[in-house]
Amino acid sequence: MRPVSSLASTSSTTRPSGARKICIKPLARKPALPANFEAETWAMLSSAVDAVHQKQPVPHSLEQLYRVVEDMCLQNLGPGVYTRLQDKCESHIRQSLDKLLGQTPDTLAFLTLMHACWTSHCEEMHTLRSVFLYLDRTYVRQTGKKSLWEMGLQIFRVHLTERPEIGVKARQGLLLLIEKERQGDQV
């Protein structure tokens, strides 16, 4: 057995016989994406967004969808994903608020419908944010765009202000509730 002092003096460049140095060479060319990568992955995400908005089961696992979003962001496709998601959310919110308009003349029933619409929107945005979390934490923060939650709030606010009759009915319903409470009714 060799003394400890002789082990320390051995140079680090000497290798035992038979050991080879491993050399990793870069690829000759960067691997290319499939030609239809963006279209196929957005189709998968689009069907998931539609399922969330329609309160249907999502056709793919949330983990798989998260990884798809991550892959798209890593391939510098984040701006397109953000814009498409924004368009999908805007279309859905527009339809949801349009459904509220002619449903009932009763202001208290309208308030209940309005609350259900808002609650549904919040739940949907929460689910979508969990799927598109990688986009929210990378692309959105790097570019200074609104987070997905803030984007959803802004779209809802804009479409709500475009329909003043919704605001009028909501105000009338709230004033009626306040009046009932002041008269001693339990609200």
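Student: Is histidine 53 buried or exposed?
Tutor: Histidine 53 counts as buried, at 10% relative accessibility. Keep in mind that this is a predicted model.

Student: Why does 10% put histidine 53 in that class?
Tutor: Because buried means under 20% relative accessible area, and histidine 53 comes in at 10%.

Student: Where does histidine 53 sit, and what does it touch?
Tutor: Histidine 53 is in helix α2. Not counting residues up to four places away in sequence, it touches Lys88, Cys89, His92, Glu124 and Leu128.

Student: And histidine 121, which helix has that one?
Tutor: Histidine 121 belongs to helix α5. Its relative accessible area is 5%, and it is buried. If you leave aside neighbours within four places in sequence, its contacts are Ile93, Gly152, Leu153 and Phe156.

Student: OK, zooming out. How many helices and strands are there?
Tutor: The protein has 9 helices and 0 strands. Read from the N terminus, the elements go α-α-α-α-α-α-α-α-α.

Student: How does the radius of gyration look next to a compact globule?
Tutor: The protein has 28 Å, while a compact globule of 187 residues would be near 16 Å. Along the principal axes, the C-alpha atoms fill a box of roughly 100 × 45 × 30 Å.

Student: What share of the residues is buried?
Tutor: Of the 187 residues, 32% count as buried.

Student: What about the charges, how far apart are their mean positions?
Tutor: There are 24 positive and 19 negative charges, and their mean positions lie 15 Å apart.

Student: Back inside. Which residues touch the most other members of the largest nonpolar core?
Tutor: That core has 38 residues, and the ones touching the most other members are Leu45, Val69, Leu85, Leu128, Phe132, Leu135 and Met151. At least two core residues come from each of α2 (37-53), α3 (62-74), α4 (78-101), α5 (107-131), α6 (133-137), α7 (139-143), α8 (148-161) and α9 (164-182). As a general point, nonpolar side chains in soluble globular proteins tend to be buried together.

Student: Take leucine 45 from that list. What is it in contact with?
Tutor: Leaving out neighbours within four places in sequence, leucine 45 is in contact with Leu65, Val68, Val69, Met72 and Phe132. Val69 and Phe132 are also on the list of residues that touch the most other core members.

Student: How much of the contact set joins residues at least 24 apart?
Tutor: Among contacts between residues at least 6 apart in sequence, 75% do.

Student: Now glycine 78. Buried or exposed?
Tutor: Glycine 78 is buried, with a relative accessible area of 3%. It lies in helix α4 and touches Met72, Cys73, Leu135 and Tyr139, again not counting residues up to four places away in sequence.

Student: You mentioned Tyr139 as a contact of glycine 78. What else does tyrosine 139 touch?
Tutor: Besides Gly78, tyrosine 139 touches Pro79, Tyr82, Tyr134 and Lys145, with residues up to four places away not counted. Tyrosine 139 is in helix α7 and counts as buried at 12% relative accessibility.

Student: Moving to the loops, which one holds asparagine 76?
Tutor: Asparagine 76 is in the loop between α3 and α4. It is exposed, with a relative accessible area of 67%.

Student: What's its phi?
Tutor: Phi of asparagine 76 is near 60°, a positive value in a residue other than glycine. Most residues other than glycine have a negative phi. Lysine 55, in the loop between α2 and α3, also has a positive phi, near 60°.

Student: Last one: how accessible is glutamate 179?
Tutor: Glutamate 179 is partly exposed, at 45% relative accessibility. You'll find it in helix α9.

Notes
Residues are numbered from 1 along each chain as its sequence is written. This is a predicted model: local features need pLDDT of at least 70, side-chain atom pairs count only at pLDDT 80 or more; totals for chains, interfaces and linings use all residues. Side-chain values use heavy atoms; hydrogens and water are left out. A nonpolar core is a set of buried Ala, Val, Leu, Ile, Met, Phe, Trp, Tyr and Cys residues joined through side-chain atoms within 4.5 Å. Buried means under 20% relative accessible area, exposed over 50%, partly exposed in between (1.4 Å probe, protein chains only). Helices (H or I, at least four residues) and strands (E, at least two) are DSSP runs, numbered from the N terminus. Contact means heavy atoms within 4.5 Å. The radius of gyration is taken over C-alpha atoms; the globule rule is 2.2 Å times the number of residues to the power 0.38. Lys and Arg count as positive and Asp and Glu as negative; His and the chain ends are not counted. The place of a charge is taken as NZ of Lys, CZ of Arg, CG of Asp or CD of Glu.
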